[in-house]
Amino acid sequence: MLYQIIDGTLSFGENPIFSHLNFELKGKEKVSLVGRNGAGKTTLLRLLAGELSLDRDDRRNGPGIRMSRKLTIGMLRQQAFDHMERTVEEEILKRIPTADLYDRERFDYEKEYDRLFTGLGFAKDDKKRCLGEFSGGQQTRIALLCLLLERPDILLLDEPTNHLDMEASQWLEGYLCQYDGAVVVVSHDRFFLDQVAEVVWELEGGKAVCYPGNYTCYRQEKRKRMELRKKAWERQQQEIHRLEQVIERFKHKPTKASFARAKKKQLERMEKVEPATRDEAHLFTGELTPLILGSKLVYEAEHLKLGYDKTLLELSLRIRRGQKIGLLGPNGGGKSTFLKTVVGLIPALSGKGKLGNQITIGYFDQHSARIQSEKSVREHFLEHFPGWTDKEVRSVLGAYLFRGREAERRVSDLSGGEKARLVLAELLESRPNFLVLDEPTNHMDIPAKETLESAFRTYTGTILFVSHDRYFIRQVAEAVLIFEDGQAFYYPFGYAHYLERMTRESGSQGLTARIQAEDQALVDSFRAVPKVKQHRFREISTEEAYEDWRLRLVREKMEKAGERLEELLRQRESLFERWMEAGECGNGDQGAEAGEYQRRDGLGEEYEEMKVRVEEAWKQWHEACMEWWDVWGM
């Protein structure tokens with residue numbers, strides 16, 4: 001036990017925040033605090049930091065807070081600097097632990113400072129800039145840097161990723177996981193919590209409940225506990241009803257009056273089970289199926305050049321029915337431009353892009369949510385679906401979290417996130433077969449995001465979307481399309497797998513599974529080829545048998561080419577590692593060192609030969625895929 005709150009009570013004036021709260025922090029635990037707005041997450045951080053004290057409570061034994069030793073506690077603050085005329089370097093170095101220029105501690109401090117500065121997304125030249133020249137978000141990042149350099153025993157972070165891009169957030173995740181101390185985080189970035197948190201404490205009703213694991217584990221466990229609590233409450237209600245009937249039946253009978261009184265006492269002494277609070281998010285269980293199936297080929301682009309005045313990107317790709325693709329890439333890389341080009345809002349600079357037959361598009365961007373209406377949410381929704389009954393409208397709106405009185409609110413009174421949720425509900429319920437979405441969950445709270453994630457997962461049509469919410473991308477995207485340096489790359493295994501491979505292969509020749517977008521349809525087809533069925537439940541026609549036979553032949557050829565390519569890629573990676581190891585010469589004599597260089601040159605030649613073999617294998621596999629595609633598409 002590092003830090004413990006026992007039976008703690010805290011209130012502001014007459015407003016109670018915590019009522020006999022228990023909280024514990026162990027060793028180097030990485031803890032996340034979650035709960036609704038106003039539940040007391042930031043208040044608990046301030047209590048941990050020593051800014052607040054527990055109320056006096058006669059029911060509590062002891063001071064209420066225990067620490068295993070004297071601890072250093074650091075908390076990230078939004079306004080951390082008093083002297084804006086100082087440069088970043090002056091501000092950082094004034095906090096240096098030693099004045100000796102040649103001290104090892106100073107060397108380690110400056111080395112860590114350099115690593116943190118670039119890791120948080122700053123350029124080295126920024127060190128010479130004054131603090132006042134940076135934006136508020138950049139100043140918060142510099143404050144975070146100062147806090148990390150102090151290396152307190154307990155690190156308290158309130159929304160640390162608010163002003164970080166994806167790359168800096170990923171870097172911070174890795175840093176905190178390796179941090180040699182305890183970390184307590186409040187964040188709405190669920191992906192960040194998944195990567196960092198080992199324990200989740202939920203604040204609700206002035207209490208704290210502990211859930212082991214990361215954010216996803218917490219959500220799964222909470223749903224299980226809520227379901228068990230709901231069943232326990234229902235069983236108890238049945239038992240209460242039964243006892244009340246027994247009491248009512250026998251209380252007026254002289255021979256049974258004592259029996260009735262005993263049952264009444266049993267009822268009074270019964271420890272009541274609190275009813276389970278309803279999960280704010282709604283999970284869709286059935287399928288959301290498009291009204292029209294549409295063609296297998298949803299969208300095809302051939303040497304399509306995107307941009308306005310100049311070309312941002314050129315790509316060739318095929319999007320097939322049922323694919324859910326998330327777009328990744330830096331701001332200004334062409335992601336939103338591509339979506340607008342796909343739906344026909346802007347023309348391509350050159351090349352060809354076309355939709356498939358009977359493709360119906362549902363398009364959403366940030367302008368879609370700027371709706372103004374004096375009508376209620378229910379009336380506005382009914383305008384889009386005039387044939388629905390009031391009961392049907394309320395049921396659907398409830399599934400998208402417009403429950404009860406929420407459905408009677410004026411549309412104009414809704415927040416930006418609520419308006420976006422209403423528009424997306426209308427879009428999903430109109431059932432197009434191709435959804436094109438640009439930042440669909442911006443400004444939404446977590447229950448709204450989880451509801452829409454559930455809806456998009458059950459939707460059986462095609463989705464192409466852009467989002468900066470990494471958790472949303474992971475939950476919805478089954479493949480990712482990366483826009484990078486004017487090129488498009490396709491990764492067919494989902495966002496979580498992509499990040500894992502990127503981390504594992506960082507610094508090598510790149511991801512072998514990441515391929516040019518123009519080949520992605522071939523890879524999808526290669527992975528989706530059905531195996532030959534061992535049993536048939538009906539007789540097939542001669543024509544079908546002939547087609548199966550042709551597909552089997554080309555599939556076997558394609559599979560062999562793919563296996564050979566994979567084997568050569570493994571050999572190439574192994575050769576590259578041996579070549580790198582041979583470059584680190586030992587401290588032996590001159591002859592041994594010369595022999596080592598000679599060995600490395602030999603491996604280099606072998607590696608170049610292997611690259612040629614890999615290219616040739618790739619061409620053979622590509623040709624086999626094309627052959628399969630031609631046969632399958634006939």
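Analyst: A contact is counted where heavy atoms lie within 4.5 Å. In the protein chain, 69% of the contacts with a separation of 6 or more are made by residues 24 or more positions apart.

Residues are numbered from 1 along each chain as its sequence is written, and side-chain values use heavy atoms, with hydrogens and water left out.

The protein chain contains 18 helices and 19 strands; these are DSSP runs numbered from the N terminus, helices being H or I with at least four residues and strands E with at least two. Of its 634 residues, 46% are buried. Here buried means under 20% relative accessible area, exposed over 50%, and partly exposed in between, with a 1.4 Å probe and protein chains only. The chain exposes about 34500 Å², of which carbon and sulfur atoms supply 48%; the areas follow the Shrake-Rupley method with a 1.4 Å probe, and for residues only the protein chains shown count as cover.

Turning to the salt bridges, the search of the whole structure finds 40. The criterion is a side-chain nitrogen of Lys or Arg within 4 Å of a carboxyl oxygen of Asp or Glu.

One of them joins R470 and D189, at 3.2 Å from N to O. Because R470 lies in helix α14 (residues 470–476) and D189 in the loop between β7 (182–186) and α6 (190–196), this pair ties together parts that are 281 residues apart in sequence. R470 is buried, at 2% relative accessibility, and D189 is buried as well, at 17%.

The side chains of D469 and R190 also form a salt bridge, with an N to O distance of 3.3 Å. This pair, too, links distant parts of the chain: D469 belongs to the loop between β16 (462–466) and α14, R190 belongs to helix α6, and 279 residues separate them. D469 and R190 are both buried. Through salt bridges that share partners, R190 and D469 are joined with K449 and E453 in one network.

A further salt bridge is formed by E51 and R46, at 3.0 Å from N to O. E51 is partly exposed, with a relative accessible area of 35%, and R46 is likewise partly exposed, at 32%.

Elsewhere in the chain, 3 strands build an open antiparallel sheet in the order β11-β10-β13; two strands pair if DSSP finds at least two bridges between them. Strands β11 (311–320) and β13 (350–355) are at the edges with a single partner each, so one side of each has no neighbour in the sheet. From one strand to the next, the twist averages 15°. Strand β10 (residues 297–307) pairs with β11 over 8 bridges, and L304 has L315 in β11 as its bridge partner.

Finally, confidence must be considered. The mean pLDDT of the chain is 84, and 87% of the residues reach 70 or more. Over residues 525–543, however, pLDDT stays under 50, and the model gives this stretch 19 contacts beyond four places in sequence. Residues 585–592 also have pLDDT below 50, with 4 contacts beyond near neighbours in sequence. Where pLDDT is low, the predicted coordinates should not be read in detail.

Terms used:
Predicted model: local features only at pLDDT ≥ 70, side-chain atom pairs only at ≥ 80, totals over all residues. Axes fitted to C-alpha atoms, helices over the stretch in contact; angles between N-to-C directions. pLDDT = per-residue confidence, 0-100.
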